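Work through the exercises below with the sequence and the 3D view side by side. Try each task before you read its solution.

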Amino acid sequence: MTERSSRPPLTSSPAWQALQAHYEGVKDAQLKQLFATDQERGETFTAEGAGLFLDYSKNRITAETVRLLVALARERGLEERRAAMFAGEKINTTERRSVLHVALRAPRRASIESDGVNVVPAVHEVLDRMADFSNNVRGGKWKGHTGKRIKNVINIGIGGSYLGPEMAYEALRDFSRRSMTFRFVANVDGSAFAEATHDLDPARTLFIISSKTFTTLETMANAATARQWIVDGLKSEEAVAKHFVAVSTNAEGVAKFGIHPDNMFGFWDWVGGRYSMDSAIGLSTMIAVGPPNFRKMLAGFHEMDRHFRTAPLEHNLPVLMGLLTVWYNNFFGAQTVGIMPYADNLKRFPAYLQQLQMESNGKHVNLEGHTVDYQTGPIVWGEPGTDGQHSFYQLIHQGTKLIPCDMIGFCQPLSAYRHQHDLLMANLFAQAEALAFGKSAEQLTEEGSAPFQTPFRVCEGNRPTNLILAEKLTPQALGALVALYEHDVFTQGVVWDIDSFDQWGVELGKALAVRIIPELESASEPALKHDSSTNALIRRYRNLRGGS
């Protein structure tokens with residue numbers, strides 16, 4: 001790899017300075033004019049790979065912008081750092097770990113090494129065990145304590161151990177076993193567990209406890225509640241072994257809980273939680289859609305990995321999307337990115353990307369531990385279209401904030417209602433067009449708008465969008481789409497010179513919660529040593545919480 005120390009700080013680097021000068025010249029450019037002066041723009045500013053098509057022509061850029069952004073990526077060592085990731089180097093520097101989620105979907109004959117060991121055979125050993133187990137559950141061979149076949153599967157986890165499996169199940173529900181029920185519990189609020197189980201038969205329910213360490217506070221609290229629910233419902237401690245499996249690396253903790261080690265599915269410290277939905281964390285997904293469909297999803301991931309690794313930066317989907325985020329975040333001052341999937345099955349995709357993007361790139365120091373003098377990760381949010389059009393699109397169209405949006409659509413419907421799919425896609429294309437070009441006062445006057453209404457009806461346009469199209473929301477397409485955003489996040493992190501693979505900020509609140517729990521539960525008044533606000537809140541809670 002190129003030595004990082006030989007590079008100047010980001011904002012004083014030649015490529016950054018060139019982009020800054022270029023921005024001053026194009027910041028007021030109008031998409032209307034850019035399209036009017038370039039009849040080929042809609043064809044030129046596109047890229048394709050792994051079954052996904054990206055139209056980025058409705059961005060406030062020129063060909064020179066793309067050239068300069070790519071030059072910035074090269075100057076910051078994107079190609080070298082990408083190669084280091086695929087080679088298994090410890091690019092998660094603060095935890096001294098490899099970053100090898102790409103190995104989770106590598107073909108069986110591939111070789112990807114960590115600490116000199118090819119990890120791919122171990123990945124496929126776990127996948128094969130997952131497939132055997134999934135087939136046994138789906139086929140009725142795995143039975144509960146009373147001999148009834150499993151009908152309900154509840155995944156208990158949090159963060160990446162929850163968001164990925166839930167998102168994937170919702171996205172691929174048309175490929176799932178409809179005779180089975182799948183639910184997901186993360187929140188430590190007891191209402192979440194109560195709602196997930198209120199109509200289920202313990203004798204037909206399987207719990208998957210997903211926790212790498214098997215110590216995560218929220219997950220283990222819910223797991224303990226689930227264990228008691230099974231024991232109370234089936235009147236036997238022995239029932240635990242037939243109604244629980246674990247995704248973990250803590251064999252001792254799993255066994256102590258009552259789960260046989262044969263029913264533990266492991267993964268590795270080079271798999272970050274938010275990058276783990278295609279590991280054993282995806283066991284509930286595999287049970288839902290079946291091993292063949294799960295492997296098709298892995299193939300989609302791998303196809304995008306290959307595109308990211310081999311396509312020229314100028315035509316590389318994740319690279320282009322990552323660089324456009326840098327362009328708006330750091331030069332236009334845009335603070336958010338909207339994720340608008342025009343597919344009801346992707347309703348949890350924005351929430352999934354919130355963790356992927358904001359936990360990865362919400363960092364305030366660079367790889368050397370120095371405070372950065374530029375903005376890093378933007379706020380990610382969104383809802384499915386067309387729901388959002390009757391909610392927050394008003395602000396995007398006519399508000400005072402610049403909000404770049406990724407809009408995602410599929411050319412073929414999953415349902416039989418083709419006319420409704422045409423309506424859905426018409427709205428997708430129309431919203432991207434309206435955001436780009438708006439409607440002027442002159443146009444409104446020509447259409448007969450009442451003069452007093454005209455100022456209120458003007459839409460300025462010039463709102464940027466990326467439009468991502470795939471043929472159909474299949475397992476393979478979902479894999480490619482998730483990998484697209486994984487490598488998009490990676491690209492941003494390399495430019496900003498941050499570690500996209502640690503999450504130390506998550507740990508502080510957890511540690512404080514562990515300290516507060518006994519203060520809430522103490523039978524006698526505890527000696528509180530927090531700030532005055534926290535002390536007062538704890539006392540108020542203790543006074544008002546009611547019986548134990």
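Helices (H or I, at least four residues) and strands (E, at least two) are DSSP runs, numbered from the N terminus. The expected span of a helix is 1.5 Å times one less than its number of residues. The model is predicted: local features need pLDDT of at least 70 and side-chain atom pairs count only at pLDDT 80 or more, while totals for chains, interfaces and linings use all residues. Residues are numbered from 1 along each chain as its sequence is written, and side-chain values use heavy atoms, with hydrogens and water left out.

**Exercise 1. Describe helix α4: what is its span, and which of its residues are buried?**

Step 1. Find residues 63–75, the 13 residues of α4. From first C-alpha to last, α4 reaches 18 Å, close to the 18 Å expected at 1.5 Å a residue.

Step 2. Check burial. Buried means under 20% relative accessible area, exposed over 50%, partly exposed in between (1.4 Å probe, protein chains only). In α4 the buried residues are T65, V66, L68, L69, V70, L72 and A73.

Step 3. Look for the cover. Contact means heavy atoms within 4.5 Å. The elements covering the buried residues of α4 include α1 (14–26), α5 (78–86), α14 (317–331) and α20 (475–496).

**Exercise 2. In what order do the strands of the five-stranded sheet lie, and which helices lie across β5, β6 and β7?**

Step 1. Two strands pair if DSSP finds at least two bridges between them.

Step 2. Read the order. The open sheet runs β6-β5-β7-β8-β9, with parallel pairing. Its edges are β6 (181–185) and β9 (264–265), each pairing on one side only.

Step 3. Zoom in on one pair. β5 (residues 152–156) runs parallel to β6, and five bridges join them. N155 has F184 of β6 as its bridge partner.

Step 4. Axes are lines fitted to C-alpha atoms, for helices over the stretch in contact, and angles run from 0 to 180 degrees between N-to-C directions. α7 (residues 160–171) lies across β5, β6 and β7 (205–210), at about 150° to β6. α8 (residues 190–197) lies across these strands too, at about 175° to β6.

**Exercise 3. Trace the six-stranded sheet: what are its order and its edges?**

Step 1. The order is β1-β2-β13-β12-β10-β11; this sheet is open, with mixed pairing. Direction ignored, neighbouring strands are turned by 15° against each other on average.

Step 2. Take the pair at one end. Three bridges join β10 (residues 336–341) to β11, and the two run parallel. Here G338 stands opposite W381 of β11.

Step 3. α15 (residues 349–361) touches β10, β11 and β12 (405–410), and its direction makes about 165° with that of β11. α17 (residues 418–437) lies across β12 and β13 (465–470), at about 155° to β12.

**Exercise 4. How many residues does the largest nonpolar core have, and what does L478 touch?**

Step 1. Define the set. A nonpolar core is a set of buried Ala, Val, Leu, Ile, Met, Phe, Trp, Tyr and Cys residues joined through side-chain atoms within 4.5 Å.

Step 2. The largest has 121 residues. I287, W327, L346, F349, L478 and Y485 have the most contacts inside it. α20 gives the most to this core, with 12 residues.

Step 3. Pick L478. Leaving aside neighbours within four places in sequence, L478 is in contact with M167, A168, A171, L172, M297, L346 and L473.

Step 4. Find the separate second core of 25 residues, which includes L200, F214, A239 and F257.

**Exercise 5. R96 and F214 have a positive phi: is each buried or exposed?**

Step 1. Recall the background. Most residues other than glycine have a negative phi, and most peptide bonds are trans.

Step 2. R96, not a glycine, has a phi of about 50°. R96 sits in the loop between α5 and β3 (113–114). With a relative accessible area of 65%, R96 is exposed.

Step 3. F214 has a phi of about 60°, in the loop between β7 and α9 (217–234). F214 counts as buried, at 6% relative accessibility.

Step 4. End with the peptide bond joining G385 and T386: it is cis, with omega about 10°. T386 is in the loop between β11 (379–381) and α16.
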